[in-house]
Amino acid sequence: MASSDYERIKKDFLSGRLKGCKTFFELNHNYVEAAYCCIVLDKLDKAKEFFQMEKDRDIRAHWGLFLIQLLQDDIKSYPTYFELRNFLELDLNILILYCKENYVEKVIRYADFMAYYNPECYKFIGRALWANNLMSASMFFLRRAKDKFYHDPELHYLLAYIYYYSEKNIDKSLKSCQACLDILPDYFPANNLLRIIGK
């Protein structure tokens, strides 16, 4: 298998073009990738089989088994701090891309559980929802994240962005921008938003 073929098919999958991806990944022994195809095809038991095959070789497969447990409401293991940091947001983006609202709801229902292992998961969830223009849901999780990590400049910026563009609340946007810049004065996105607002 040429690596260029793999990259092309992977790009197709991550762009929402699923046709042929699972077959390619399975034939070329890319079982973790095949498992993700199975998830979006609602074949969770088959996804679990693929992840199981790779769990001792690939940390993503270990995380994938936990993700299947979330989707099946059958928690038997625990995520690691780094798995949550590296994969939660990415996987929410994949589920949203493939219109798996039910799966997204199941994952975020376990936010408090996951936060025990990595308190930043509220931010990861909020950022994924923000990137997909789900602003009210994003705001809920970003506010919870701010309660845990007030000194994270990105959180204040994301709130400022939503206040300005979605809620049309300039005062709250300015306040959040200022909170961001109090923490990190050179934070470019916040300075840029201030220029857009005209302050």
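The exercises below work through a predicted model of one protein, each followed by its solution.

Residues are numbered from 1 along each chain as its sequence is written. Local features need pLDDT of at least 70, side-chain atom pairs count only at pLDDT 80 or more, totals for chains, interfaces and linings use all residues, and side-chain values use heavy atoms, with hydrogens and water left out.

**Exercise 1. Describe the overall make-up of the protein: how many helices and strands are there, and what percentage of residues is buried?**

Step 1. Helices (H or I, at least four residues) and strands (E, at least two) are DSSP runs, numbered from the N terminus. By this rule the protein has 13 helices and zero strands.

Step 2. The C-alpha trace spans about 55 × 35 × 25 Å along its principal axes.

Step 3. Buried means under 20% relative accessible area, exposed over 50%, and partly exposed in between (1.4 Å probe, protein chains only). Of the 199 residues, 49% are buried.

Step 4. Contact means heavy atoms within 4.5 Å. Among contacts with a separation of 6 or more, 50% join residues 24 or more positions apart.

**Exercise 2. Find the buried residues of helix 4 and state what they pack against.**

Step 1. Helix 4 covers residues 44-54, and its buried residues are L44, A47, F50, F51 and E54.

Step 2. These residues lie on the same side of helix 4, because they cover an arc of only 120° around the axis. The arc is that of the directions from the helix axis to the C-beta atoms.

Step 3. A general rule applies here: an α-helix has 3.6 residues a turn, so residues three or four places apart point the same way.

Step 4. The buried residues pack against helix 2 (21-27), helix 3, helix 5 (59-71) and helix 7 (101-109).

**Exercise 3. Sort the listed residues of helix 13 into buried and exposed.**

Step 1. In helix 13 (residues 188-197), A190, L193, L194 and I197 are buried. Their arc around the axis is only 105°, which puts them on the same side of helix 13.

Step 2. F188 and R195 are exposed on the other side of helix 13.

Step 3. The cover over the buried residues includes helix 11 (153-165) and helix 12 (170-183).

Step 4. Just after helix 13 comes G198, with a positive phi of about 95°.

**Exercise 4. Which helices line the largest pocket, and which gives the most?**

Step 1. On a 1 Å grid over the protein atoms alone, a pocket is an open set of points where a 1.4 Å probe fits, with protein on both sides within 12 Å along at least five of seven lines; lining residues have an atom within 4 Å of a point.

Step 2. The lining consists of Y6, K10, F13, L14, F25, V32, E33, Y36, R60, L90 and I94.

Step 3. Helix 1 (3-14), helix 3 (31-40) and helix 6 (81-97) each supply at least two residues. Helix 1 gives the most, with four residues.
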